[in-house]
Amino acid sequence: MRARLAALLAAAIPAVVSAQHRDIILATTTSTRDAGLLDSLLPLFERQTGYHVKVIAIGSGQALEMGRRGDADVVLAHAPEAERALTDSGYFVCRRLVMHNEFLIVGPPQDPAGVRGLSDAVTAFKRIAERRAPFVSRGDKSGTHQRELSLWQKGRISLPPPGGWYMESGQGMGATLQLASEKSAYTLTDDATYLTWQAKLTLGVMTQGDSLLYNVYHVLELNPRNAPGINVEGGRALADFFVAPDTQRRISEFGKARFGRRLFVPDAGKPDP
């Protein structure tokens, strides 16, 4: 009887493991979720492969940390400096360019800082700080937050503790835009999320077109030596999917029907900026 039970358990274990490895944990930035891109792409991947993708949408810094710890199977992020550092340290074995869009400085119609029409992001940030115009930061170590901090730094601006004109939402891009709209404040956002939420906001585009506002996304595969429990095959399959020609075509088309323009520019196979 015991021998038969042992045999049944042994037969069941591979089935359980196989079922578990049909699940993929994707750690990614909130902008890919809030803009609706993942809702457009992932059902196709799941139909094609039989995998099920669980999306953890957080700031890029947190997503990369999940990957470093082995708490995700694959990461899609837009924090190039942090990505390179972790890849060079051996936490990721493959980092591939997927797409880009643009950061924007958006703000209230009255534009108290006088930054509307500027193409110089650092000058815009200086004016906001000098006039103590309300500004809402993500404050969450996301790729957007890291880019914001780099712009303050380039302008040699010392930020005050959050609570006065400088506020932190501690939330994703959609929620941060909503808070900035409620507070008649400026914020830094990716253009895809802004366009998706624009109808619900009182914020307009103030500053765009600066090369410092270029926003690039990479997909990163984890090093199984640092994370032996991850779904290596599933993570690689999803990473391959993001850079596949058909997916890149879909990324190029995403947003055109609703906004008359694409929200992301596909970049797979191009030189990494």
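Author: Let's start with the largest pocket, where helix H5 (80–88), helix H7 (143–154) and strand E9 (214–222) each supply at least two residues of the lining. Keep in mind that you're looking at a predicted model. H7 gives the largest share of that lining, with seven residues. The space inside the largest pocket comes to about 390 Å³. It is lined by 19 residues, and the ones closest to its centre are Pro80, Glu81, Arg84, Arg147 and Ser150. Sort the lining by class and you get seven nonpolar, seven polar and five charged residues.

Now hop over to helix H11, which covers residues 245–253. Its buried residues are Thr247, Gln248, Ile251 and Ser252. Those four sit on the same side of H11, because they span an arc of only 145° around the axis. And what lies over them? The cover includes helix H3 (37–49), strand E4 (92–107), helix H10 (232–243), helix H12 (256–259) and strand E10 (265–266). After H11 comes Gly255, which has a positive phi, near 100°.

Side chains of opposite charge can pair when their charged atoms come close. The whole structure has 16 salt bridges. In one of them Arg261 pairs with Asp191, with the closest N and O atoms 3.1 Å apart. Arg261 is in the loop between H12 and E10, while Asp191 belongs to helix H9 (residues 191–197), so this pair ties together parts that are 70 residues apart in sequence. Asp191 is buried, at 6% relative accessibility, whereas Arg261 is partly exposed, with a relative accessible area of 36%.

Salt bridges that share partners also link Glu65, Arg68, Arg69 and Asp71 into one network. Zoom in on Arg69 and Glu65, whose side chains meet at 3.8 Å, N to O. Both are in helix H4 (residues 60–69), four residues apart, or about one turn of the helix. Arg69 is partly exposed, with a relative accessible area of 44%, and Glu65 is partly exposed too, at 28%.

Arg33 is partly exposed, with a relative accessible area of 40%. Asp34 counts as buried because its relative accessible area is 13%, and buried means under 20%.

Technical notes. Residues are numbered from 1 along each chain as its sequence is written. This is a predicted model: local features need pLDDT of at least 70, side-chain atom pairs count only at pLDDT 80 or more; totals for chains, interfaces and linings use all residues. Side-chain values use heavy atoms; hydrogens and water are left out. On a 1 Å grid over the protein atoms alone, a cavity is a set of points where a 1.4 Å probe fits but cannot get out, and a pocket is an open set with protein on both sides within 12 Å along at least five of seven lines; lining residues have an atom within 4 Å of a point. Grid points are joined across faces, edges and corners, and a volume is the space filled by probe spheres set on the points. Ala, Val, Leu, Ile, Met, Phe, Trp, Tyr, Cys and Pro count as nonpolar, Asp, Glu, Lys and Arg as charged, and the others, Gly among them, as polar. Buried means under 20% relative accessible area, exposed over 50%, partly exposed in between (1.4 Å probe, protein chains only). The arc is that of the directions from the helix axis to the C-beta atoms. Contact means heavy atoms within 4.5 Å. A salt bridge is a side-chain nitrogen of Lys or Arg within 4 Å of a carboxyl oxygen of Asp or Glu.
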